[in-house]
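Biologist: Before we discuss the interior of this protein, could you put the sequence and the structure up, so that we can go through them together?

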Amino acid sequence: MDFSVHSLHTFEFELSVELKTVLNIANVPSTTGLNQNSLMKLYKNDLTEIVLRLVKVYEKSLNICKSAAVKIDQLKSDQIENQKKLMELQDKQIDSVQQTVKTELKTWADVAKQGVTSKPITKHTVKEAVRSVNDEEKRSRCLLIYGVEEKDNEIPCVIAQNVYRKLNFNPPKIVDSYRVGRKTPGKLRPIKVELKHPTDAMVLLKNAGKLRSTDMSSVYLSPDRNKQQQAAHNKLVAKMRTMIKEDPTKFYFIRDNRVKSVDKNNS
């Protein structure tokens, strides 16, 4: 038996049905009336049926406990693995921010080497560099959810939490969430979600492919890209579509800013 909340609720219902049956056989209104005196009044066949029903309940309860123990061990292993992934992603995020700072804020030594003809550092250029770093940091905490049906009076935050649960993640802290773009008939606008930590967005994006095996198979997640990044990604998508037409025997996907493929027979 695979343990789940549904199986637990089912067992709870079955247990209540068995208990009512036992009380009816014993001819008592509640469990408080189920004692030695009431049981001694029963016929042998009735008493035997009660015992068999209780044994059946005990066996099912034992099976549920065993499956719950297996599930807990599995969740512990998954949690350890996710912690490792988080640590790796945190390291990558730190490296990414450091690289951005190095790119946007040139060291004073480099500026000095360029001589007096170089573009001077002004208050405006420093502000622009800091703004760029802050914008990049904020984007690292955001992601976009595509393919979710748009309804009146919807709550984007709740939609995002439901998507995360489909990935078997506890919903992370959501700072803000809203539909992006102008509402157009026949077009689904994506939901932009800003999370508290960049690692939350990274872990969710890394596991987004799992949605294909759920009842949200038409939903997918995407990083929050700036205009340059989106333009580069669009080129990769166009390239991937061309490759699919040329050789449809493979599965194609984009990873590490490259179009990659695997044979369908090996997938």
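Biologist: Which residues touch the most other members of the largest nonpolar core?

Modeller: This is a predicted model, and its largest nonpolar core has 23 residues. Strand 1 (142-146), helix 6 (156-166), strand 3 (191-195) and helix 7 (198-206) each supply at least two residues of this core. Those that touch the most other members are L143, I145, Y164, V193, L195, L204 and L221.

Biologist: Which residues belong to the other core?

Modeller: Another core lies apart from the largest one and consists of seven residues. Among its members are V22, V28, L42 and I50.

Biologist: Is strand 1 largely enclosed or largely open?

Modeller: Buried here means under 20% relative accessible area, and four of the five residues of strand 1 are buried. L143 touches, among others, Y164, V193, L195 and L204, leaving aside residues up to four places away in sequence. Because four of its five residues are buried, strand 1 is largely enclosed by the rest of the structure.

Biologist: Which residue of strand 4 stands opposite L143?

Modeller: Strand 1 is joined to strand 3 by four bridges, and the two run antiparallel, with I145 opposite I191 of strand 3. Four bridges also join strand 1 to strand 4 (residues 220-223), again in an antiparallel arrangement. In strand 4, the residue opposite L143 is P223.

Biologist: What is the angle between the planes of the aromatic pair formed by Y146 and Y220?

Modeller: The structure holds one aromatic pair, formed by Y146 and Y220. Since Y146 lies in strand 1 and Y220 in strand 4, the pair ties together parts that are 74 residues apart in sequence. Y146 counts as partly exposed at 23% relative accessibility, and Y220 counts as partly exposed at 46%. The pair is stacked, with 5.0 Å centre to centre, and the angle between the planes is 5°.

Biologist: How far is the backbone nitrogen of Q228 from a polar atom of the side chain of N226?

Modeller: N226 is placed in the loop between strand 4 and helix 8 (227-246). With a relative accessible area of 17%, N226 is buried, and N226 touches E136 and R139 when residues up to four places away in sequence are not counted. From a polar atom of the N226 side chain to the backbone nitrogen of Q228, the distance is 3.2 Å.

Technical notes: Residues numbered from 1 in each chain as written. Predicted model: local features only at pLDDT ≥ 70, side-chain atom pairs only at ≥ 80, totals over all residues. Heavy atoms only, no water. Core = buried A, V, L, I, M, F, W, Y, C linked by side-chain atoms within 4.5 Å. Buried < 20%, exposed > 50% of the residue type's maximum accessible area, 1.4 Å probe, protein only. Contact = heavy atoms within 4.5 Å. Pairing = 2+ DSSP bridges. Polar contact = N/O pair within 3.5 Å; in protein donor to acceptor, adjacent residues only side chain to side chain. Phe/Tyr/Trp six-rings, centres within 6.5 Å; stacked < 30°, edge-to-face > 60°.
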